[in-house]
Amino acid sequence: MKDQETNPDSSLEGDKKPEIRLKARAVSRGIGIGTAICLHGTNRQFYRIDLADDELQPELKRFRIAVEIAKRQLDKLAEGKSGTVSDSGPAIFDAQRAILADASFQSRIEENIITRKINVEWAVKTVTDSLIAQYKAIPNEHMRDRYIDLEDISERLLTVLDGTGQAKLAIGKDAVVVATELKPSSLVGLAGSLPKGVITENGGWTSHTS
């Protein structure tokens with residue numbers, strides 16, 4: 001990635017910054033030249049709410065509806081009708097859908113809601129944070145990178161619960177996306193803008209985003 005090129009023939013050479021080179025691992029072929037666009041995460045704002053006994057069932061209903069909506073969103077992403085998703089796209093989102101549909105995953109969140117009498121947002125955060133920590137501790141890189149899928153699922157559920165729908169990402173022409181971490185769904189959302197390249201701080205060869 002270049003900040004500005006140094007031109008020895010230019011009289012303004014002293015005003016220009018030298019080229020900066022960053023060492024990194026390439027996970028795809030080719031060269032992308034463009035304007036760096038730094039992508040920052042948008043954490044959903046919520047807090048713990050202690051529920052009364054008669055509020056538990058409505059809260060469980062909220063969670064189950066959110067799961068169904070999230071599944072439908074993943075189904076649409078897996079279809080890849082826009083032609084921007086690679087051949088592996090459907091399999092990636094099928095894997096995320098399988099996690100959402102997993103009875104043990106859902107029961108852990110529902111159990112948190114019932115036993116701790118807390119709102120669904122806090123239950124989703126508690127359960128997914130615990131699972132993410134477990135994945136990050138796995139020595140095997142292939143399995144360890146699956147924590148990104150869990151973060152993606154957590155963000156999707158919280159977005160649905162927030163009632164705002166999934167955020168749409170749009171970038172300008174000839175952009176190079178720079179992020180600490182890029183979730184698979186974010187990458188699909190950006191694909192329509194045809195970025196010239198992607199640079200992330202985290203994520204290995206085996207991550208779904210790669």
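Start by selecting Glu59, Arg62 and Glu121, which are joined in a network of salt bridges. A salt bridge here is a side-chain nitrogen of Lys or Arg within 4 Å of a carboxyl oxygen of Asp or Glu. Before you go further, a note on what you're looking at: this is a predicted model, where local features need pLDDT of at least 70 and side-chain atom pairs count only at pLDDT 80 or more, while totals for chains, interfaces and linings use all residues. Residues are numbered from 1 along each chain as its sequence is written, and side-chain values use heavy atoms, with hydrogens and water left out.

**Stop 1: inside the network**

Zoom in on glutamate 121 and arginine 62, whose side chains meet in a salt bridge at 2.8 Å, N to O. Glutamate 121 sits in helix α4 (residues 120-136) and arginine 62 in helix α1, so this pair ties together parts that are 59 residues apart in sequence. Helices (H or I, at least four residues) and strands (E, at least two) are DSSP runs, numbered from the N terminus.

Is glutamate 121 buried or exposed? With 13% relative accessibility, glutamate 121 counts as buried, while arginine 62, at 30%, counts as partly exposed. Those words have cut-offs: buried means under 20% relative accessible area, exposed over 50%, and partly exposed in between (1.4 Å probe, protein chains only).

**Stop 2: along α1**

Now select lysine 71 and glutamate 68, another salt bridge, at 3.3 Å from N to O. They are 3 residues apart in helix α1, so about one helical turn separates them. Lysine 71 counts as buried at 10% relative accessibility, whereas glutamate 68 is partly exposed, with a relative accessible area of 40%.

Next, pick aspartate 75 and arginine 97: their side chains form a salt bridge too, at 2.8 Å, N to O. This pair links distant parts of the chain, with aspartate 75 in helix α1 and arginine 97 in helix α2 (residues 89-101), 22 residues apart. Aspartate 75 is partly exposed at 29% relative accessibility, and arginine 97 is partly exposed at 29%. How many salt bridges does a search of the whole structure find? The count is 11.

**Stop 3: where two helices cross**

Two packed helices are described by the angle between their axes and the distance between the axes. Color helix α1 (residues 56-79) and helix α6 (residues 147-162): their axes come within 9 Å and cross at roughly 120°. Axes are lines fitted to C-alpha atoms, for helices over the stretch in contact, and angles run from 0 to 180 degrees between N-to-C directions.

Which residues of α6 meet α1? They are Arg156, Leu157, Val160 and Leu161, and their partners in α1 include Arg62, Phe63, Ala66 and Leu77. Contact means heavy atoms within 4.5 Å.

**Stop 4**

Switch to the strands: 3 of them form an open sheet in the order β1-β2-β3, with parallel pairing. At the edges are β1 (35-39) and β3 (197-200), each pairing on one side only. From one strand to the next, the twist averages 25°. Strands pair if DSSP finds at least two bridges between them; β1 is joined to β2 (residues 175-179) by 5 bridges. To see one, select alanine 36, whose bridge partner in β2 is valine 176.

**Stop 5: two loops**

Most residues other than glycine have a negative phi, and most peptide bonds are trans. Lysine 117 has a positive phi, near 55°. Find lysine 117 in the loop between α3 (103-116) and α4, where it is partly exposed, with a relative accessible area of 32%. Then jump to leucine 194, where phi is also positive, near 50°. Leucine 194 lies in the loop between α7 (184-191) and β3 and is exposed, with a relative accessible area of 64%.

**Last stop: zoom out**

From the N terminus on, they run β-α-α-α-α-α-α-β-α-β. Of the 210 residues, 32% are buried.
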